[in-house]
Amino acid sequence: MALPLSILDLAHIGEGETARDSFTHSVALAQRAEELGYERIWYAEHHNMDSIASSATSVLIAHVAAHTRTIRLGAGGVMLPNHSPLTIAEQFGTLETLHPGRIDLGLGRAPGSDQQTMRALRRSPAAADTFPEDVLELQGYLTGETRIPGVNATPGKGTDVPLYILGSSLFGAQLAAALGLPYAFASHFAPTALEEAVALYRREFRPSAQLERPYVMAALNVIAADTAEEAQEQFLAAKRFRVSRFLGRGRTFTPEEADLILESPAGQQILQMTKYSAVGDPGEVKEYVDRFAEHAQADELIVVFSAPDRKVWLRSAELLARAYGL
């Protein structure tokens, strides 16, 4: 039986677009994904990045939820050390109260930013050290079993918003297993530890009130087009965009410059980030997705549509859904 398919929408701001344009496209994708049968859409917290508009993650979720009816929406994820657990419980308790049964809360411990931005967020470099305790405190607010006597989240208390642990290393796998929570691996950009992390999570999982057995979500990039040639052109454009984003330091590169950089050691690191990418016509993409699901031992797949061209971006969602049989 085919696994559930979900989407990680990076809310990217394309060339010549504004953040408002990005939000308009996110709503359009969510509405189409709802029609096509995707399970959920998540948005990630990033800061001080000109190309990503999902910094105020809960606000974006509220906006998309108001323009859809049934698809699940959530954070993939909130970087919890940037916030107090009570604040996040109130935000996502509010979302769940407004849109019952549709809200997820994925949690990460990375800053989602650079060192300067961490300071601007008033985040201590040691904030990640208390991540496990912060997850438990947040969980207590949402279940109504607060760990801080006399302090409750309103809204939030008793909403039981489901929690997910996000990760790209063994730490997240161990924590998700110990707490009995679903585990989402960021293999769309950090593929190295996928197999080891999933094996560890499944081996050490302890059942909890939220989850009886292990549940793995694995992420991959997808560019599907009517022809393999068009998909490969978009894949090359996506890799060139990553060169500017990660190595540009405020400047952009010509296609020729980007291609030369991709051949360098720094460029090879960027290419490694795209290791798990399904690129091609619908048949090729479906075949790759099936192989990846087995390789990752996944219970659910979450895809990033990485084509820079907005038409191909949305078309990828349609072609994958039809090829996959949603």
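**Helix pairs, a pocket and one arginine**

Helix α6 (residues 170-179) and helix α7 (residues 194-204) cross at roughly 20°, and their axes come within 8 Å. This is a predicted model: local features need pLDDT of at least 70, side-chain atom pairs count only at pLDDT 80 or more, and totals for chains, interfaces and linings use all residues. Residues are numbered from 1 along each chain as its sequence is written, and side-chain values use heavy atoms, with hydrogens and water left out.

**Helices α6 and α7**

- The two helices α6 and α7 are therefore roughly parallel (angles under 35 degrees count as roughly parallel, over 145 as roughly antiparallel, 65 to 115 as roughly perpendicular and the rest as oblique).
- Axes are lines fitted to C-alpha atoms, for helices over the stretch in contact, and angles run from 0 to 180 degrees between N-to-C directions.
- Helices (H or I, at least four residues) are DSSP runs, numbered from the N terminus.
- From α6, the residues Leu170, Ala173, Gln174, Ala176 and Ala177 meet Glu196, Ala197, Leu200, Tyr201 and Glu204 of α7. Contact means heavy atoms within 4.5 Å.
- This contact of α6 with α7 has seven nonpolar residues, one polar and two charged. Ala, Val, Leu, Ile, Met, Phe, Trp, Tyr, Cys and Pro count as nonpolar, Asp, Glu, Lys and Arg as charged, and the others, Gly among them, as polar.

**Helices α8 and α9**

- Helix α8 (residues 228-247) packs with helix α9 (residues 255-262) at about 80°, and the axes are 9 Å apart.
- That makes α8 and α9 roughly perpendicular to each other.
- On the α8 side, Leu236, Lys239, Arg240, Val243 and Leu247 make the contact; on the α9 side, Pro255, Ala258, Asp259, Ile261 and Leu262 do.
- Seven of the residues in the contact of α8 with α9 are nonpolar, three are charged and none is polar.

**The second largest pocket**

- The second largest pocket holds about 290 Å³ of space. A pocket is an open set of points on a 1 Å grid over the protein atoms alone, where a 1.4 Å probe fits, with protein on both sides within 12 Å along at least five of seven lines.
- Its lining has 15 residues, with Gln139, Thr143, Asp160, Ala209 and Gln210 nearest the centre. Lining residues have an atom within 4 Å of a point.
- Helix α5 (residues 131-143) gives the most to this lining: five residues.
- Seven lining residues are nonpolar, five polar and three charged.

**Arg32**

- Arg32 sits in helix α1 (residues 19-36).
- Not counting residues up to four places away in sequence, Arg32 touches Leu314, Glu318 and Arg322.

Note on methods. Grid points are joined across faces, edges and corners, and a volume is the space filled by probe spheres set on the points.
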